[in-house]
Amino acid sequence: MSKGFPNVLYKVTTFINRILIDVQVVAIIASALVVTLDVLMRLILSKPITGASEYVGYIMILASYFGLGVCAQERSHLKVDLIVQMLSERAQIVNELINSVLVAAVGTIMLVASVNQGFINLELGTTGTFSGVYNWPFYMLMGLGYLPVVLACICNFIEDIGRFRAASSKKKLQAKGDEA
């Protein structure tokens, strides 16, 4: 990553992702604890935790959405490597540029839609059917999960522009070398 704004953006994205990964770990442990307690209470006391499946669902929202930014930053999202590897270096970079733009666009739409839905649910005061937990915070957290995706795609785009320029310069030098 180059100096200046792209480097700061990369560091901010990395910092956010590190925090979200820690939250993911806690969320997965909490989910396992809720399920274990629910089973034990059902077995020993014949009284399960009311709304346990809702709680686990809410917790898994944290675990899944908070991992999206890391996938985007590490470029470990789904793609067809077999086909991409057959492309030239410049075509692969163009593919990454297009991918960054599309994922950032969809991520931005999802971020705005999730936060908007959170505000709607806040206004309506909707709650879980069994748990009675307000729904709006989870929509806001889903939106938060998309923020590092958008930031990572911007970082990747800037990095890929540099890689494209370097590949173009390399190709021009090779063309000049072939002429001589």
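Helices (H or I, at least four residues) and strands (E, at least two) are DSSP runs, numbered from the N terminus. The model shown here is predicted, so local features need pLDDT of at least 70 and side-chain atom pairs count only at pLDDT 80 or more, while totals for chains, interfaces and linings use all residues. Residues are numbered from 1 along each chain as its sequence is written, and side-chain values use heavy atoms, with hydrogens and water left out.

**Figure 1. Arg75 in its loop.** Start with Arg75, which lies in the loop between H3 and H4. Arg75 is buried, with a relative accessible area of 17% (buried means under 20% relative accessible area, exposed over 50%, and partly exposed in between, with a 1.4 Å probe and protein chains only). Its phi is positive, about 55°, although Arg75 is not a glycine. For context, most residues other than glycine have a negative phi.

Figure 2. Because Asp160 lies in helix H6 and Arg75 in the loop between H3 and H4, the pair links parts 85 residues apart in sequence. Glu96 is buried, and Asp160 is buried too. Salt bridges with shared partners join Arg75, Glu96, Asp160 and Arg163 into one network.

Figure 3. The side chains of Asp38 and Arg42 meet in a salt bridge of 3.1 Å, N to O. These two residues are 4 residues apart in helix H1, so about one helical turn separates them. Asp38 is buried, at 11% relative accessible area, whereas Arg42 is partly exposed, at 47%. Across the whole structure, a search finds 4 salt bridges.

**Figure 4. Ser46 between two helices.** Ser46 is found in the loop between H1 and H2. Its phi is near 55°, a positive value in a residue other than glycine. With 60% relative accessibility, Ser46 counts as exposed.

**Figure 5. The nonpolar cores.** A nonpolar core is a set of buried Ala, Val, Leu, Ile, Met, Phe, Trp, Tyr and Cys residues joined through side-chain atoms within 4.5 Å. The largest has 13 residues, and Ala27 and Val34 have the most contacts inside it. Helix H1 (5–45), helix H2 (52–65) and H6 each supply at least two residues of this core. A second, separate core of 5 residues includes Ala72, Val149, Ala152 and Cys153.

**Figure 6. The largest pocket.** A pocket is an open set of points on a 1 Å grid over the protein atoms alone, where a 1.4 Å probe fits, with protein on both sides within 12 Å along at least five of seven lines; lining residues have an atom within 4 Å of a point. The largest pocket is lined by 10 residues, with Leu68, Ala72, Val103, Tyr146 and Val149 nearest its centre. Helix H3 (68–73), helix H5 (89–124) and helix H6 (136–179) are the elements that give two or more residues to this lining. H5 provides the largest share, 4 residues.
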